[in-house]
Amino acid sequence: MSETTVIIGGGQAGAQTVVSLRREGFKGNIVLIADEPELPYQRPPLSKAYLAGEMPKERLFIKPAAFYDKLEAELLLGVSVESIDTQTQQLALNDGSSQSYDQLVFATGGRVRRLTCSGADHPAVHYLRTLRDVEAMQARFTAGTRLAVVGGGYIGLETAAVAAKHGLQVTVLEAQATPLVRVACPEVGQFFQTIHQQAGVSIHCDTLLESIEDEGEGIAALITNTGERILAELVVVGIGLLPNVELAASAGIACDNGITVDEHCRTSVANVYAAGDCTNHPNPIYQRRMRLESVHNAIEQGKTVAANICGKEAAYAQVPWFWSDQYDVKLQTVGINMGYDQTVIRGQPDSRSFAVFYLQAGRLLAVDAINRPAEFVAAKNIITQGLEVSVDRLQDETVSAKELIAT
Amino acid sequence: MIKVTYIEDNGTSRDIDVEEGTNLMDAAVDNLVPGIDGDCGGVSACATCHVHVDAAWQDKLEPMNETEDSMLDLTDSRDDSSRLACQITATAALDGLVLRTPTGQH
């Protein structure tokens, strides 16, 4: 009997695992089980081009249906896994059937963190993670609508940017002193605050949402700790992601802010792997464990899982990277800035084209490149290869980005 | 519809009918052309749709922008014929275009 690999989750990591298993020569059965009814799709456009109505739904799909047929991969869509017996290697599915596996892959991703304040269940309140989330808010996403965005992270700011361009009246509530505090330095947060304000978005920092009251006619009133009362027909909440670990944990698989995996994406239980946003994994370049919310990480871990299932001792060793599009600004981030003790800014934020280099004890950890693709590329190479940098050269615009590598 | 030919590094050639307005990364993914992944969805963020454009066609393409130019530096086999397929939109002027996927891009 042929062996079977079962993948739980139909996001970027799950789809990549399917593709990479066949590329690595896996001859057995592949079954992908996903609780959403659609083919695996890309999430980044949900808060960008798709929300803006600039991208047809078919373009969201990572691969067309025919692709999975060609790979002889079975997709069980709209199906969820209820429980796992890792002794007998059996899954119980919500349609009453069971599925056995020889290798199991968790690609379960994450779910949005939800508001817990009173009035959080107001019908104007929406989240943004899935295709259905976007479709649910589209009817209200029209010019003149008052939109309140809760949370000044990437999802919140991207939503605000699309909304402002569409003529919505946008207010953003941010708990910290500047947006993006969790992921970027104050200068970058301040820059994004400025470009949003220039686009007519009202950003309220140091502001906590205390409760939501019903104003009638579908309107929500957001009550803040600063005594404000902000009215909105549409509320979009972007306050973070929780990794989907419960199924793994209930099967006895070790979890700690994510499903704990080693450098081969193996979990604590034999024949069980995990990839993507749901993993807490070691990064050899940064020499610590991390959990990432990232397309690139999902793809690379999917490849790592597939290679290891096929008997290759592939180890994950990647410099993370991310991107965000807001207005005419393309932010490209490479690396993880956690622990930085110095920032070096190259270029002028006022010009809407600059890069922030994050260093720790003189070593480059990460770069936020704002309309600066050459600096992004240079930094990716510097960090990947562990090269030295000099602060003077990073600041010196007469030294081209390509020459930064040559030091 | 225009005809675009994708040639793999092993010489396998595929003629694909592409609707005008579609970018040539999407067209490749939809038609299961190996070697073109388009991981970022076509926003010049990943360089996984690197192609070499046959010399006869290079002048007919829109010039590349700074982002595409920089991202191509991330690829191993960049040369003067390199482009990102996601940044090439099918137009009538490109009917018959020939693209080659680089060695080792998968």
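How many residues does the contact take from chain A and from chain B? In this predicted model, chain A gives 20 residues and chain B gives 16 residues.

**View 1. The side of chain A that touches chain B**. At least two residues each come from helix 3 (65–70), helix 8 (295–309), strand 22 (321–326), strand 23 (329–335) and helix 9 (373–385) of chain A. Helix 9 of chain A gives the most, with five residues. By residue class, this side of chain A has eleven nonpolar, two polar and seven charged residues.

**View 2. The largest nonpolar core**. This core holds 145 residues, and the members that touch the most others are Val105(A), Val235(A), Val367(A), Leu24(B) and Ala85(B). Leaving aside residues up to four places away in sequence, Leu24(B) touches Val4(B), Val18(B), Ala85(B), Ile88(B), Ala90(B) and Leu99(B).

**View 3. Helix 5 of chain A, residues 154–165**. The helix has twelve residues and spans 17 Å from its first C-alpha to its last, close to the 16 Å expected at 1.5 Å a residue. Just after helix 5 of chain A comes Gly167(A), with a positive phi of about 85°.

**View 4. Surroundings of helix 5 of chain A**. Ten of its twelve residues are buried, so helix 5 of chain A is largely enclosed by the rest of the structure. Among the buried residues are Tyr154(A), Ile155(A), Leu157(A), Glu158(A) and Val162(A). The buried residues of helix 5 pack against strand 10 (146–150), strand 11 (169–173), helix 6 (186–198), strand 16 (234–237) and strand 22 of chain A.

Key:
Residues numbered from 1 in each chain as written. Chains lettered and ligands numbered in written order. Predicted model: local features only at pLDDT ≥ 70, side-chain atom pairs only at ≥ 80, totals over all residues. Contact = placed C-beta atoms within 7 Å. Helix = DSSP H or I, 4+ residues; strand = E, 2+ residues; numbered from the N terminus. Nonpolar A, V, L, I, M, F, W, Y, C, P; charged D, E, K, R; others polar. Core = buried A, V, L, I, M, F, W, Y, C linked by C-beta atoms within 7 Å. Buried ≥ 20, exposed ≤ 12 C-beta atoms within 10 Å, placed from the backbone. Expected span 1.5 Å × (residues − 1).
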